[in-house]
Amino acid sequence: MGFPPGAEPVPSGPSGSRGRGSRMIGGRGILISSASTIIFFAVIALAVALAPGSSLVAERFFDPYHLNRSLFGTVTTPSVVGAFVLNIKMFLIAEVFILILALVVAIVRGIPGPVFFPFRAVAVGYTDLFRGVPLILVLYIIGFGLPGLGLKFFSSQSEVTYGVVALVLVYSAYVAEVYRAGIDSVHESQTAAARSLGLSRWQAMRFVVLPQAVRRVIPPLLNDFIGLQKDTALISVLGPIEAARAANIYAAEQFNYGSFVIAAFLFIIVTIPLARFTDRLIERDQRRRRAGAAL
Amino acid sequence: MRKLLVLTASLVLLAGCAEEPSNQPSSSGGGGDKDPCAAKSLSTVAKGTLTVGTDRPAFEPWFKGSPKAYSGYEGEVATEVAKRLKLPIKWVVEPFNKAYAPGPKDWDFDINQITITEERERAVDFSDGYFENNQGVLALEGTPVAEAKSISDLEDYQFGAQVGTTSLAFINSTIQPTAEAKVFDTTNDAVSALKNSQIDALVTDVVTTVYLRDFVVKKSLVLGQYPKTEQFGMVFEEDNPLVECVNGALQKMKSDGTLEKLEQKFLQQYLEVPTLE
């Protein structure tokens, strides 16, 4: 956005296609890597299969009967995949609010001048507090504390709302620090240059610093979101039935942990694409920097 | 609930009458050298000690006092079983969710208000039932749900239960409420939700509901109990031979009235609740 046209680095032939490890890809390399992969996993599989309790573990965790039944639910137990929809919803809603709140906190923390000291103090206090308190405690305080106050609006929300608020408060503290790192990584000369061109302090932040800062921190941001995706499971302590809780209900009724395996599988299905996407962004960023350095 | 195992032993308990002396060899008294339940020949986790697991916190009136020597109904039932096996008892902490994990256990049996069901019996072994449990419904005085007289009056309300309890299955299969029940890690959390009016009523075993009414939740009432003919049993690792000996001791405790005495001592005040139709 802040780049003049043409400054956007274009991945060029050889330097662009050179990924990690691709140098050794030749006939022999492929042979060695596939052999070592097969041996590696075969040793692990063998160790697990030969363990004295392996059949018991297989039955207690991987019995297809229980995997299938917990996935779709029974008369008395909710379906794990149905409950997982709630995790996805909470994740998506929380993510939007986190991106906004965290950015506000990060910017406020960076406002210079003695007049703004109280604002900076609040921003620092906020990040210190919510990064330090375990999420589960925040959930309890908000989920059981706010309704207990008996206020009109704040005490009559659903548990899912309280849960999402707790997630937003805690994760915004982390993400604000990620943003701040990004903002700090943009060299001061950029702001100085923007100011000398007549941009106001706010305009310099908005049009010069932030676009560069945000782009740099996208990989760590996504990393936090993978964590967020998993932590939606904690909201179950307030009562809503999400995937981990549905799995817990099934496990307790049937005395079989297959339902947890199913829940884990569902979380993985969502987080792995996110993780690969992050990897790709990191690689693209590195490529660009290398290209930039060569210029 | 149809799936629940109904144990004939419960009839003995209810009738309070003496059954003919157990024909099992597990007599507590004068076992000969061949008695597999004699203290010396029992293979317990810790040699010469009966190690018993339960969750922590353990709730009254099931457990009372310090974890070093629990009293309370379940505490004393287990202690009495140990006494009849002529072994000292030692308590260890075992979270409910871990009681059915595969692998070696650090206890001989776990006693924690666990209902015997067919599904669970596929994974663990249960002792005979030592208590016949009914479901109880707790609500706050003056709320609409407090007017309910029968199960069919309950379907439009928001229920809560502790995860892993048969109470949740009871809500889903018998009450069948229109709103999905909320599920909490512990009964304490469900109580918080009830006090905050996040749920209209909470369901747990009737003894616990009366305890909550009398000692924990002000201005609350127990709507009633629902007979489910379910039994609490002790959990053993599958194929543990010790279960026979414990059953022998339980059988004796039933026939000589010990179990009933303990029930009267600890639970009587909790069982006088009207029945929900």
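This is a predicted model: local features need pLDDT of at least 70, side-chain atom pairs count only at pLDDT 80 or more; totals for chains, interfaces and linings use all residues.
Pro61(B) sits in the loop between β1 and α2 of chain B.

**The β1–α2 loop of chain B**

Pro57(B) is found between β1 (50-54) and α2 (72-84) of chain B. A cis peptide bond joins Arg56(B) and Pro57(B), and its omega is about 5 degrees. For context, most peptide bonds are trans.

What lies on either side of β1(B), buried or exposed residues? Leu50(B), Val52(B) and Thr54(B) are buried on one side. Thr51(B) and Gly53(B) are buried on the other. Both faces of the strand are therefore covered, and β1(B) is largely enclosed by the rest of the structure, with 5 of its 5 residues buried.

β1(B) also has a partner strand. It pairs with β2 (residues 89-93) of chain B in the parallel sense, over 5 bridges. Within that pairing, Leu50(B) has Ile89(B) in β2(B) as its bridge partner.

**Two positive phi angles**

Most residues other than glycine have a negative phi. Chain B holds two residues to look at here. Lys219(B) is not a glycine, yet its phi is positive, at about 55 degrees. Asp239(B) is not a glycine either, and its phi is about 65 degrees.

Both residues are placed in loops. Lys219(B) lies between α6 (206-216) and β9 (220-232) of chain B. Asp239(B) is in the loop between β10 (235-236) and α7 (242-255) of chain B.

| Residue | Phi | Loop in chain B |
|---|---|---|
| Lys219(B) | about 55 degrees | between α6 and β9 |
| Asp239(B) | about 65 degrees | between β10 and α7 |

**Strand β9 and the rest of chain B**

β9(B) is mostly covered, with 10 of its 13 residues buried. Strand β5 (residues 131-140) of chain B runs antiparallel to β9(B), and 10 bridges join the two. One of the bridge pairs is Gly136(B) with Gln225(B) in β9(B).

Now the whole chain. Chain B has 8 helices and 10 strands. Of its 277 residues, 52% are buried. Consider the contacts in chain B between residues at least 6 apart in sequence: 75% of these join residues at least 24 apart.

Chain B is divided into two domains. Domain 1 covers 19-130 + 233-256, and domain 2 covers 133-228. Their C-alpha centres lie 30 Å apart. Domain 1 and domain 2 of chain B each give 7 residues to the contact. On the domain 1 side, these are 3 nonpolar, 3 polar and 1 charged.

How far does helix α10 (residues 201-231) of chain A span between its end C-alpha atoms? The span is only 37 Å, while a straight helix of 31 residues would span 45 Å at 1.5 Å a residue. α10(A) bends by about 55 degrees at Ile218(A). A proline, Pro219(A), follows within four residues. The buried residues of α10(A) include Val208(A), Leu210(A), Val217(A), Leu221(A) and Phe225(A).

Helix α2 (residues 27-50) of chain A has 24 residues, which should span 34 Å. Its end C-alpha atoms are 34 Å apart, which agrees. The number of buried residues in α2(A) is 0, so this helix lies largely in the open.

Chain A is assigned domain 1 (23-51) and domain 2 (63-294). The C-alpha centres of these two domains of chain A lie 37 Å apart.

**Where the chains meet**

In the contact between the chains, 23 residues of chain A touch 25 residues of chain B. On the chain A side, α3 (54-62), α7 (135-149) and α11 (243-254) each supply at least two residues. The largest share, 7 residues, comes from α11(A). By class, the chain A side has 12 nonpolar, 7 polar and 4 charged residues.

Notes. Residues are numbered from 1 along each chain as its sequence is written. Chains are lettered from A and ligands numbered from 1 in the order in which they are written. The expected span of a helix is 1.5 Å times one less than its number of residues. The bend at a residue is the angle between axes fitted to the seven residues ending there and the seven starting there. A residue is buried if 20 or more other C-beta atoms lie within 10 Å of its own, exposed if 12 or fewer, and partly exposed in between; C-beta atoms are placed from the backbone. Domain bounds come from an automatic or database domain assignment. Two residues are in contact if their C-beta atoms, placed from the backbone, lie within 7 Å. Ala, Val, Leu, Ile, Met, Phe, Trp, Tyr, Cys and Pro count as nonpolar, Asp, Glu, Lys and Arg as charged, and the others, Gly among them, as polar. Two strands pair if DSSP finds at least two bridges between them.
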